[in-house]
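Here is a short tour for anyone meeting this structure for the first time. Take a look, then read on.

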Amino acid sequence: MTSDVGIGVKPGGGSFFPQSVSAVSSIPAPHVAQPTQPNLTLAQRVALVSGLSRPALRAADATAISSTLLSLWAAMTNRPVNELASGEMHQDGTVRISSQVAVWLIGRISEAYGRHKLVNLSRVKEIESLRSLGGLTGLLSAAISADAEGTLV
Amino acid sequence: MSIYIEPATNLSEAWLRTLEHVVDAGGHAVNVITTITDPLTPEDQTIRSALDEVLSVERKGLRVQPVETVAGTIFPYDIYADTELTFTPDMGKDALAKLDASAADLYTCYLDMLPILTTDRANNHGTYFGRMVSWPGKTGGGTNQLADRITRFRRAHKANVGQRNLEDIAVAGEAELLATLPSEDPAGLQVYAANDRRERGFPCLVHVDLTLFRHRISVAATYRHQYLVTKAYGNLLGLSRLLGFLAQQTGFEVGELMVNATFADAEHSNYTKAGVTDLIAAARSTE
């Protein structure tokens, strides 16, 4: 049998990742043709985000934590904060994020806080908290508060 | 008896044809071959919406995840900052640096995620993408198979090698990972350990094979248990994106995606026979 791979297929190249057509989510695709900080590595962009220390996170209210998360997300995607902030809204009224982004943000906050795993995914009761900036803010705020009180498990 | 599904241009149609065939076969089938001829063709919105609707309903005793979450286990699209650059052997130094940095950032981001991801019981044994970028996949510091394959494909591209078949016959086991000599061919992506004796659960995807032919990269993936409603669509989407990433990073064109499900399950027990029939009807709806 002869393979016909490559026969009759239009030339590719260009944009490899067309937008998803999901009716459920239209989270901005992570295209960064014009990155915010084109000459900085991921580590350098993350290092520029303020509020990433244990004292700062303990002192932060929900608004401050949300702002830090948004800045981290912008650093990860190399896109402007205001562009991400004006993206699709979750039903809780805050910006929708993907669970992958949420997991990465938890990892970064955990590292900055100095606790290896601030959130155990198997113990997250409301999965939607991993799909919005507000939900994730609440989850991390609760974890930091519990840690401060010595009740985080 | 094996079933060869009529190839489809886009993943939505390929998935739906597969589901229809397996339902017609009674709900289960062995050695089901699904082929997508142009994996990066946009999805069919009607089909995707019908499935999204079904997967948005919580079901007792069944872990149902959105399509994007399933796809993200194979290629974490949401954390990839795509530069929209494509590798060419003669691309400028700055452009190449940006392209390389985007891939490096993707790997770094994912390795940052692994400690948290593995707190989910479903990820106790690692994740597919984790196994691809840090074999054996539960922590960082392992073998980055993806980077290794990109390096080899780029080498082939620079040498204008693209008209011969470089397929491998990698099977379960780690030995092939030791094949790092420049003269060796690009190999598949190992996602399954030879000593893995689990009978159910992760990993359902046991192997991803990469073939370069006529300057196109094609992917063949083998699943030992393909859950056609809960997982299959997301799997096809993730594999398509993985293929797109490999093509972008190596400058070759996108070939076809073939999935062999050694056991395909229409999941009547999870969604009821009527429920799966309704899903197909909704996906075939023209309204």
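Why is Leu228(B) counted as buried? Leu228(B) is buried because 29 other C-beta atoms lie within 10 Å; the cut-off for "buried" is 20 or more other C-beta atoms within 10 Å of the residue's own, with C-beta atoms placed from the backbone.

Before going further, a word on what you're looking at: this is a predicted model, in which local features need pLDDT of at least 70 and side-chain atom pairs count only at pLDDT 80 or more, while totals for chains, interfaces and linings use all residues. Residues are numbered from 1 along each chain as its sequence is written, and chains are lettered from A and ligands numbered from 1 in the order in which they are written.

Back to our leucine. Leu228(B) sits in the loop between strand 6 (226-227) and helix 7 (232-250) of chain B. Helices here are DSSP runs of H or I with at least four residues, strands are runs of E with at least two, and both are numbered from the N terminus. Leaving out residues up to four places away in sequence, Leu228(B) touches Thr18(B), Leu19(B) and Val22(B), along with Ala264(B), Asp265(B), Ala266(B) and Glu267(B). A contact means that two C-beta atoms, placed from the backbone, lie within 7 Å.

Now follow the chain into helix 7 of chain B. Of its 19 residues, 19 are buried, so this helix is mostly covered. Its end C-alpha atoms are 27 Å apart, which agrees with the 27 Å that 19 residues should span at 1.5 Å a residue (the expected span is 1.5 Å times one less than the number of residues).

Leu11(B), Ala14(B), Trp15(B) and Thr18(B) of helix 1 meet Ala232(B), Tyr233(B), Leu236(B), Leu237(B) and Ser240(B) of helix 7.

Finally, here are the two chains.

| Chain | Residues and share buried | Helices and strands |
| Chain B | 287 residues, 49% buried | nine helices, seven strands |

Note on methods
Buried ≥ 20, exposed ≤ 12 C-beta atoms within 10 Å, placed from the backbone.
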